[in-house]
Amino acid sequence: MTDLTGSNYDRLEARSMQTVQFGEIVEIELVRVDGTQSGVGALTGAAVGGIGGSTIGGGKGKSLATIAGAVAGGVLGNYAERKATETMAINMTVQLENGSYISVVQQEEPGNSYRVGDRVKVLSQGSSSRVVHTR
C-alpha cells in the first residue's frame, strides 16, 4: 500500500527541488482515495476461478465452466484488490499568502492532525504537492 502522507517521499523525490508556499488551512473534508488495480488481483482471481471451474462437469461443459470461472474470478479479484488498497484521506483547502486558494488531498498521519486555521507550507514538485505544518 502506498503511503500518501505529507512526510513520506518517493525515492525519486529525494534531492529534488520543490517550490515552497505558505498559507492557512481554511477547510478540511474527509475523502476516499481509490485503491490500486495493478492486475495482480485480477490474475490471481482468474487463476483460482479457472481452477475451480475446471472441476465442474466434463468435456465441452468443463471447458465452459473453466472459462466462466476464470472470468468471474478475474472480476472479483480485481474488485477485491481495489477495495483492499482503498484508503481514507483529507482534502485540505489552503489560502496562500498571495490570497489564492489551492486544494491538496493526502493521508493524515497518526499523531499529526490538521485543523482549520493551522499555518502550513505547501511543497510542490511537478504535478505533486503536499501540505506540512510550519515550524
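In the predicted model, 5 strands form an open sheet. Their order is S3-S2-S1-S4-S5, and the pairing is antiparallel. Strand S3 (101–106) and strand S5 (128–133) lie at the edges. Each of these edge strands pairs on one side only. From one strand to the next, the twist averages 40°.

Within this sheet, strand S1 covers residues 19–33 and strand S4 covers residues 119–125. The two strands run antiparallel and are joined by 6 bridges. Arginine 119 belongs to S4 and stands opposite glutamate 24.

Glutamate 97 is found in the loop between strand S2 (87–96) and S3. The side chains of glutamate 97 and arginine 119 are joined by a polar contact of 3.0 Å. Contacts of glutamate 97 were also examined without counting residues up to four places away in sequence. On that basis, glutamate 97 touches Phe22, Gly23 and Arg119.

Glutamate 24 and glutamate 97 are 73 residues apart along the chain. Their C-alpha atoms are separated by 8.0 Å.

Is glutamate 97 buried or exposed? Its relative accessible area is 59%. The cut-off for an exposed residue is over 50%. Glutamate 97 is therefore classed as exposed. This exposed residue still touches Phe22, Gly23 and Arg119.

Note on methods
Residues numbered from 1 in each chain as written. Predicted model: local features only at pLDDT ≥ 70, side-chain atom pairs only at ≥ 80, totals over all residues. Heavy atoms only, no water. Pairing = 2+ DSSP bridges. Helix = DSSP H or I, 4+ residues; strand = E, 2+ residues; numbered from the N terminus. Axes fitted to C-alpha atoms, helices over the stretch in contact; angles between N-to-C directions. Buried < 20%, exposed > 50% of the residue type's maximum accessible area, 1.4 Å probe, protein only. Contact = heavy atoms within 4.5 Å. Polar contact = N/O pair within 3.5 Å; in protein donor to acceptor, adjacent residues only side chain to side chain.
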